[in-house]
Amino acid sequence: GGGMFGQTYLAEDLQRPNHDHCVVKHLHPQSTDPFTLQEAKRLFEAEAQVLNRLGNHDQIPRLLAHFEENQEFYLVQDIIAGQPLSQEVKPGKRLSQEQVIKLLQGILEILEFVHEQNVIHRDIKPSNIIRRQSDKKLVLIDFGAVKQITTQVVTPQGQSNFTIAVGTEGYMPSEQTQGKPRLASDIYAVGMIAIQALTGIAPQDLPEDGKTGEIIWRERLKINPKLAKVIDTMVRCHFSRRYQSATEALKAV
C-alpha cells in the first residue's frame, strides 16, 4: 500500500529460520536539504524509540528494526493478520449500542497504555485498527508521528515547520489541523468512530452546529442518554471540554 507519506510493503525476513513475514514502512522526507535531513534523522530515531516502547503492549505491533538508507527511512514491524475495523464500521452500516460500547472499551484500553506513555497517536480511524484473526482483539497500528518525519521542512535558521497536519479529515479535531495535537485529540477520533458506528454516516458527512461547531448526530437514532452524553463529551469542539485522556474516557464508558 502507499500514500502521501511513503509506501508499506509485505516482506519476508530471510535472516529468520521460518522466513517470518513482516511489514516494512518506507518513508521519504519531503525535502532533502541538509537541515531537514538532519532533523528528520533526529525525529526518526526518537519515534523509533517510542514505537519500541509501545510495542511492549500485546495490541500494538512490535518494532523489529529501523534503519536509514540513501537519505530515506525504514521501519520494520510485526504483521498483524486480521481485518481492518473499516470492514465493520462503514457508511450505511449501523452497529448496536452494545457493540459500540464494546468497541469503545476495546479501543480506549489500548489507548490508555499509549497515553500513559505520554504519546498521542494522531491518526485513529477504522482503517488503523485491526481486528486480529487469532483472538478477535483490536490492534492499533500506524502512529501518525512517524509521518511527521516526511512532512517537515527546516529553515536555515533551524526552525522546523510541518507542511501538513498529520491525521485524517473527519477524525481530526480543529487543534490538530492547526498542528497542535493533544491527548484529547485522540479521544475526539475515538468518539467520531463511535458516532459513525451508531449512525452509519461517515464523519465528514455529519453536519455541524453553525454557532457552536459541535457535531449534530443524536437526532438520527434512539440512544441511551448516558451513552450519548459520553460520546458528546468525547467529540466536543474545544479540547478543554473533552475527556483529557483515555483513562478518563474509559471510566465514563
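## Strand naming and model

Strands are DSSP runs (E, at least two residues), and helices are DSSP runs (H or I, at least four residues); both are numbered from the N terminus. The model described here is predicted.

## The sheet

Five strands form an open sheet. Their order is β1-β2-β3-β5-β4, and the pairing is antiparallel. The edges belong to β1 (2-3) and β4 (63-69). Each of these has a single partner strand, so one side of each is left without a neighbour in the sheet.

β3 (residues 21-27) pairs with two strands in this sheet. With β2 (residues 6-12), β3 forms an antiparallel pair over seven bridges. Two facing pairs can be named: Tyr9 stands opposite Val24 of β3, and Glu12 stands opposite His21 of β3. With β5 (residues 72-78), β3 also pairs in the antiparallel sense, here over six bridges. Lys25 has Leu75 of β5 as its bridge partner.

Is β3 enclosed or open? Six of its seven residues are buried, so β3 is largely enclosed by the rest of the structure. In a regular strand, side chains alternate between the two faces of the sheet.

## His26 and its contacts

His26 lies in strand β3. Its relative accessible area is 9%; buried means under 20%, so His26 is buried. What does its side chain touch? Another, of 3.3 Å, runs from the side chain of His26 to the side chain of Tyr74.

## The largest pocket

The largest pocket has a volume of about 680 Å³. It is lined by 31 residues. Closest to its centre are Thr8, Val23, Lys25, Ile141 and Asp142.

Which elements build the lining? β1, β2, β3, β5 and α3 (145-151) each supply at least two residues. β2 gives the most, with five residues. By class, the lining divides into 15 nonpolar, ten polar and six charged residues.

## The second largest pocket

About 200 Å³ of space lies in the second largest pocket. Its lining holds 15 residues. Nearest the centre lie Met172, Tyr188, Glu208, Gly213 and Ile215. The lining divides into nine nonpolar, four polar and two charged residues.

Rolling a probe the size of a water molecule over the atoms shows where empty space is left. How many cavities of 30 Å³ or more does the structure hold? There is one. About 40 Å³ of space lies in the largest cavity.

The lining of this cavity is made by Arg122, Asp123, Ile124, Gly167, Thr168, Tyr171, Met172, Gln176, Ser185 and Ala189. By class, that gives four nonpolar, four polar and two charged residues. Met172 is one of the residues lining the cavity, and is also among those nearest the centre of the second largest pocket.

## Gln87 in its loop

Gln87 sits in the loop between β6 (82-84) and α2 (97-116). Its relative accessibility is 45%, so Gln87 counts as partly exposed: the band for that class runs between 20% and 50%. The side chain of Gln87 is joined to the side chain of Gln83 by a polar contact of 3.3 Å.

How far apart are Gln87 and Ile130 in sequence and in space? They are separated by 43 residues in sequence. In space, C-alpha to C-alpha, the separation is 9.7 Å.

## Cysteines

A disulfide is a covalent bond between the sulfur atoms of two cysteines. How many disulfides does the structure hold? The count is zero.

Cys22 has 5% relative accessibility, so Cys22 counts as buried. Cys237 has 29%, so Cys237 counts as partly exposed.

Notes. Residues numbered from 1 in each chain as written. Predicted model: local features only at pLDDT ≥ 70, side-chain atom pairs only at ≥ 80, totals over all residues. Heavy atoms only, no water. 1 Å grid on protein atoms, 1.4 Å probe; cavity = no way out; pocket = protein on both sides within 12 Å on 5 of 7 lines; lining within 4 Å. Points joined across faces, edges and corners; volume = space filled by probe spheres on them. Nonpolar A, V, L, I, M, F, W, Y, C, P; charged D, E, K, R; others polar. Buried < 20%, exposed > 50% of the residue type's maximum accessible area, 1.4 Å probe, protein only. Polar contact = N/O pair within 3.5 Å; in protein donor to acceptor, adjacent residues only side chain to side chain. Pairing = 2+ DSSP bridges. Disulfide = S-S within 2.5 Å.
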